[in-house]
Amino acid sequence: MDTFLQQLINGLSLGAIYALVALGYTMVYGVLRLINFAHGDVYMLGAFAGYFIANALKLDANPSVLWAILVTMGAMAVCAVVGILIERLAYRPVRHHSRLTSLITAIGVSLLLEYGGQVVFGATPRFFPQMVRSEIYSLGGVQITNQSLLIIVVSVVMMFGLHFIVHRTKIGKAMRATSFNLSVATLMGINTDFVIAFTFALGSALAAAAGVLVALAIPRIDPLMGLMTGLKAFVAAVLGGIGNIPGAMLGGMLIGLMETGLGATAYSTYRDAVAFGVLILILLVRPAGILGTAGPEKV
Amino acid sequence: MSAARKLFVVIVTTAILLGLNWIFEYGVGDFQVNPYYARIINLIGINITLAVSLNLINGLAGQFSIGHAGFMAVGGYTATYVTVYFGRQLAALAGSTLAGAAGASLVMVLSLIAGALAAALAGLVVGIPSLRLKGDYLAIVTLGFGEIIRVVILNIPSVGGATGFTDAIPITNFFWIFAMAIMTIVIVRNIAVSTFGRALTAVRADEIAAEAMGVDTTRYKVLAFVISAGLAGVAGGLSGQLFANPLNPQNLNFVKSIEVIVMIVLGGIGSITGAVFGATTLTILPEALRTFDQQFPGLRMVLYALLLILLMIFRPQGLFGRRELGWSWLRLPGRRPAIDGGVR
Amino acid sequence: MQHMKFVAFGRGGLVLASAFLLLITVACERKPGTGGAETTGDIVVGMYGSLTGDGASFGQSSREGTELAVEEINGAGGLLGGRKIKLLVEDDQSKPEEASNAVTKLVTQNKVVAVLGEVASRRSLAAAPVCQKYMVPMISPSSTNERVTQVGDYIFRVCFIDPFQGEVLAKFAYNDLKARKVAILKDIQQDYSVGLTDSVMKHFTALGGQVLDPVSYSTGDSDFKAVLTQVRSQKPDAVFVTGYYPEAAIIARQARELGMKMPLLGGDGWVGDALKNGREALNNSFISNHYSGDNPDPVVQNFVTAYRAKFSREPDAIAALAYDAVKVLADAITRTNSTDGPKLRDALSHADVPGVTGRLKINALRNVDKPAVIQEVTFVNGEVKFVYKTTINPN
């Protein structure tokens, strides 16, 4: 029973990471119908931004929750800007071209960030400073660290926050309108360029937060760290229903649990394939995702 | 074209290829082909097969597949497996050994057939779900499939796992590479100008409309996947059995699939000439940039990524668009017929 | 299906074909003469490594070690009466196919007298046949798969081979730690790890111990709690982590976070700056090693100081091995007073050089016979320290 509970906790912690990154994916896809392949790399940039800020503030020697929060916000701000830049420079020019073109552009940006990161930061993994002292809580035979708890809590909070923004604010309404139909939204007087930029900024900020939190828990960062995580987060978003915020959360948790579950069996070496196997299955059975709404395709 | 004329063309081509193959292996008098360039030329040939086969799905049929490396892997590993574990017996059937020309040729043909069939089967497996999926979703499923293949192969010790299939026996040579490249071009070209090709074009333009017009989109899409995958499998079989070129699951991943996509995008999606051009350019480019690379390590890949982005922004149709190379290119400017409608 | 028209190549095809023939003609060159190697000018040595891609951090380390050694040799006057070593470094992007391209270029275009590389066995295995075919010696600094040197008599290495390290670790675990039931975590993406795992299993079982089914992870993974929890439930006496230091550090941390207190064991792959990540979790771990930065031997200390001065960081095992590979090559060139392929090969097969990573005596299989030391890993005052524990000699 111990082991099962422990694995459950492990799965949820892992899932929360995917969920945080998936939130950003799902938002951008919802508004732009674009799979932002570079999203995972923005997550990586968030971790690096946090790294440089934290080192500049010499936090390794003086861990402090307050400063940690500031570092996270700093990283979020940096990545929000990066997100806006990417959208403006790479995605907007191809917005009205075919979907294939946009997708390839996104792949190009992703590669640029990865290889660029290797040149600028060096390929050797760096270790993130400990901004918050690590503690382990034990309940019976089950262990959980304060960082894992933090990740779970923060992702749930972010989800609610995002949901609030999208459904209870004016800008959120504008986002939803743009996602239904871009041209009509423009006709209705919505500054769609601004809305799209805002969406990217928000999504990127979330990815950055995820990056910093993960780096806290698992202090190794390198320019390629966003690759696999990004892909799996995308699968999570699709699983939960792309464009659906609670869906991204649910999808992330499910992927995390499934991966952990498989890791516990003799087939642990196939863990990477789990996410994709699940993806294929869900797209065959229920393409809209678990919480998504299937819409008829109009001609 | 009459049957006799076809036969004539095939014989002449084969003869030329065999002659070139001889030159590649033994040189002519005091001259030889520089081994480094020879290797690059061989790699170009394999990449041509890959690019042109991908063009069938992505270009002609307009389906978005980014799992091509997976088909290459399935075909390549199957073909190499056949040669490594059954090669000797098969060669003996021809009364020869793996080192002899007859034996090696027979084994090469058999292994490529095995690889093509296995890859085609994989294409079927991927093609069927594709019926229900469009655009981005299809792309991700093909990506996922490619990754699953990679993980599965990584876990099979008898084909080398993470170390790669280093037991492979190097029976690939210039002749087979370019014979297969030419075959691929001929197959795809014939498809393109046939009813099958027209159906694919209809599917690419507007699938629902095509369905409404009575085109059996299901059949043609799946067929496109199967043929394309089979040809990729052939490329894989050739690649894995090339001297000093073992198959490795780590490198048959989605980055490889993307490299093939860049080849056809550079040349122009939908154009076979474009695919050939793209394959050639992108095989030579990394090698040509080596000196640059020594000055600025790592920058080469950054430039590659930038090239991709700029290409999409400024010339998404690639170099050739959907056109093919023909005599019309040599006409004087001002009298060029408008293709694809409109003036450029 | 309708009968398909057979369209041959058409006009476009002829143009393409002619372009190709032109390409092939351009690629022709005069056959190389049968004369011996160059006797004047710089001695050109090639190195291939993964400077970009997923193996980049190791590629960069090995490049740094190599460059340091070359710089030292040239600074001391070069070889063969004042000839300097000219090092040509080629990137293989972490791809075996590119490794072969790079080595083919180095050997046939640049006419290097020897090739250094690679770190990963799978890339060494891809490129070695090229060196063997053109009779240019290849020295791998860190490829541990047995089969690398089996490719041919021109292929050498200066590191342990998997079977040896596995034996050393198994013996230590069984005899010194008195472990009887062990678990193994292996990195399925690294041939080093897979090979070492197989070897540990073989030797530990031969000693009479029980090895639980190995559990796999991938390079770059950051979450190991799932597999560790499973391992925890099987209550092993010790856990082997046969991969490289970036993951080993995190595995150690997460294992301790799960309350696993048993000793952890690893190979020389654990040696690297980023192992620091493991912090206190690293205590009660042991590794088999050849190189220790604390070793007071001046050969080692000079290397560490020079490396630190030039690159502003501590060298890892891979940099040290790359450095040694150059020294072995230089020694062979000097002894045979030539850069001729066959002569170098013969000289290398009798090499016996005091290296940073131990005494490098090349044996009949073109591997090195050097003893392995077991070191205890400790984390003290924010630094990782390897404390000598015991030496285990090859049989």
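Predicted model: local features only at pLDDT ≥ 70, side-chain atom pairs only at ≥ 80, totals over all residues.
Colleague: At roughly what angle do the axes of helix α7 and helix α9 of chain B cross?

Modeller: Helix α7 of chain B covers residues 195-205, and helix α9 of chain B covers residues 217-240. Their axes come within 10 Å. Angles of 65 to 115 degrees count as roughly perpendicular, so α7(B) is roughly perpendicular to α9(B). The crossing angle is roughly 105 degrees.

Colleague: How many residues of the contact of α7(B) with α9(B) are nonpolar?

Modeller: From α7(B), the residues F196(B), A199(B), L200(B) and V203(B) take part. They meet T217(B), Y220(B), K221(B), L223(B), A224(B) and I227(B) of α9(B). Of the residues in this contact, 1 is polar and 1 is charged, and the number that are nonpolar is 8.

Colleague: Which are the edge strands of the open sheet in chain C?

Modeller: The sheet has 5 strands with parallel pairing, in the order β3-β2-β4-β5-β6. Neighbouring strands are turned against each other by 25 degrees on average, direction ignored. An edge strand pairs on one side only, and in chain C the two that do so are β3 (85-91) and β6 (155-157).

Colleague: Which residue in β5(C) does V115(C) stand opposite?

Modeller: Strand β4 of chain C spans residues 114-116, and strand β5 of chain C spans residues 138-140. The two strands run parallel and are joined by 2 bridges. Opposite V115(C) stands M138(C).

Colleague: Which strands of the sheet does helix α11 of chain C touch?

Modeller: Helix α11 of chain C, residues 317-336, packs on the sheet. Its direction makes about 165 degrees with that of β4(C). The strands of chain C that α11 touches are β2, β4 and β5.

Colleague: About what angle does helix α4 of chain C make with β5(C)?

Modeller: Helix α4 of chain C comprises residues 121-133. This helix lies across β2 (43-49), β4, β5 and β6 of chain C. Its angle to β5(C) is about 160 degrees.

Colleague: Is C131(C) buried or exposed?

Modeller: Residues under 20% relative accessible area count as buried. C159(C) has 1% relative accessibility and therefore counts as buried. C131(C) has 0% relative accessibility, so C131(C) counts as buried.

Technical notes: Residues numbered from 1 in each chain as written. Chains lettered and ligands numbered in written order. Heavy atoms only, no water. Axes fitted to C-alpha atoms, helices over the stretch in contact; angles between N-to-C directions. Helix = DSSP H or I, 4+ residues; strand = E, 2+ residues; numbered from the N terminus. Parallel < 35°, antiparallel > 145°, perpendicular 65-115°, else oblique. Contact = heavy atoms within 4.5 Å. Nonpolar A, V, L, I, M, F, W, Y, C, P; charged D, E, K, R; others polar. Pairing = 2+ DSSP bridges. Buried < 20%, exposed > 50% of the residue type's maximum accessible area, 1.4 Å probe, protein only.
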